[in-house]
Amino acid sequence: TDATMKMVLGMRRRGVPVHGVGFQMHIVVPEIAPARTTMQRAMGRFSDRGFDVAITEADVALTMPATADALRTQAGVYRRIVRACLAVERCRTIVTWGLSDRYSWIPGWFPGRGAALLYDADLVPKPAHRAVLRALIEP
């Protein structure tokens, strides 16, 4: 985030109309599962400087086959992503990098990984879907 902050502030100084910064969140459970405070702090740095923030690509990949425990962990990570965004004043958007595991890019790039999205290959909502909904409506 230091390098990105330096870049966007430099662009602003030169008159480039930079209004926001997007965050890609390609998370791999359990290897990469940042804490809510870590995500919130990173996005907050930009929000505090007047930039809108967006999560432009979110997916949470699992080792296949996905177990019930892994799906619960994934749901918790998605919940943290949503709650981190909601806690940042200028976080405007959360976009998942796809809807269904059927069309996910993950298995093609990371063999042995998958089940990264909110719906399974048959378009059945996964625990992550419910976690996102709860995170959006809970105080």
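A: What follows takes up the core, then one of the loops, and then the charged pairs.

The model is predicted, and local features are therefore taken only at pLDDT of at least 70 and side-chain atom pairs only at pLDDT 80 or more, whereas totals for chains, interfaces and linings use all residues. Residues are numbered from 1 along each chain as its sequence is written, and side-chain values use heavy atoms, with hydrogens and water left out.

The largest nonpolar core has 38 residues, and the members that touch the most others are Phe23, Met25, Met43, Phe46, Phe51 and Ile81. Such a core is a set of buried Ala, Val, Leu, Ile, Met, Phe, Trp, Tyr and Cys residues joined through side-chain atoms within 4.5 Å. Two or more residues are given to this core by each of helix 1, strand 1 (20-28), helix 2 (36-48), strand 2 (52-63), helix 3 (68-87) and helix 5, and the largest share, nine residues, comes from helix 3. Helices (H or I, at least four residues) and strands (E, at least two) are here DSSP runs, numbered from the N terminus.

Leaving aside neighbours within four places in sequence, the contacts of Phe51 (heavy atoms within 4.5 Å) include Met5, Val8, Leu9, Phe46 and Arg90. His19 is also in contact with Phe51, and the C-alpha atoms of these two residues, 32 residues apart along the chain, are separated by 5.4 Å. Ile81, with residues up to four places away again not counted, touches Met25, Ile27, Met39, Ile55 and Val60.

The loop between strand 3 (91-96) and helix 4 (106-109) holds Ser104, which is buried with a relative accessible area of 15% and touches Ala116 and Leu117, residues up to four places away not being counted. A polar atom of the Ser104 side chain lies 3.1 Å from the backbone nitrogen of Ile106.

Seven salt bridges are found in the whole structure, each being a side-chain nitrogen of Lys or Arg within 4 Å of a carboxyl oxygen of Asp or Glu. Asp101 forms one of them with Lys126, the closest N and O atoms being 2.8 Å apart, and because Asp101 lies in the loop between strand 3 and helix 4 while Lys126 lies in the loop between strand 4 (113-114) and helix 5, the pair ties together parts that are 25 residues apart in sequence. Asp101 is buried at 15% relative accessibility, and Lys126 is likewise buried, at 6%.

Another salt bridge joins Asp122 to Arg102, with the closest N and O atoms 3.8 Å apart; the two residues are 20 residues apart, Asp122 in the loop between strand 4 and helix 5 and Arg102 in the loop between strand 3 and helix 4. Here Asp122 is exposed at 60% relative accessible area, and Arg102 is partly exposed at 45%.

Notes: Buried means under 20% relative accessible area, exposed over 50%, partly exposed in between (1.4 Å probe, protein chains only). A polar contact is a pair of N or O atoms within 3.5 Å; within protein, one must be able to donate a hydrogen and the other to accept it, and residues adjacent in sequence count only if both atoms are side-chain atoms.
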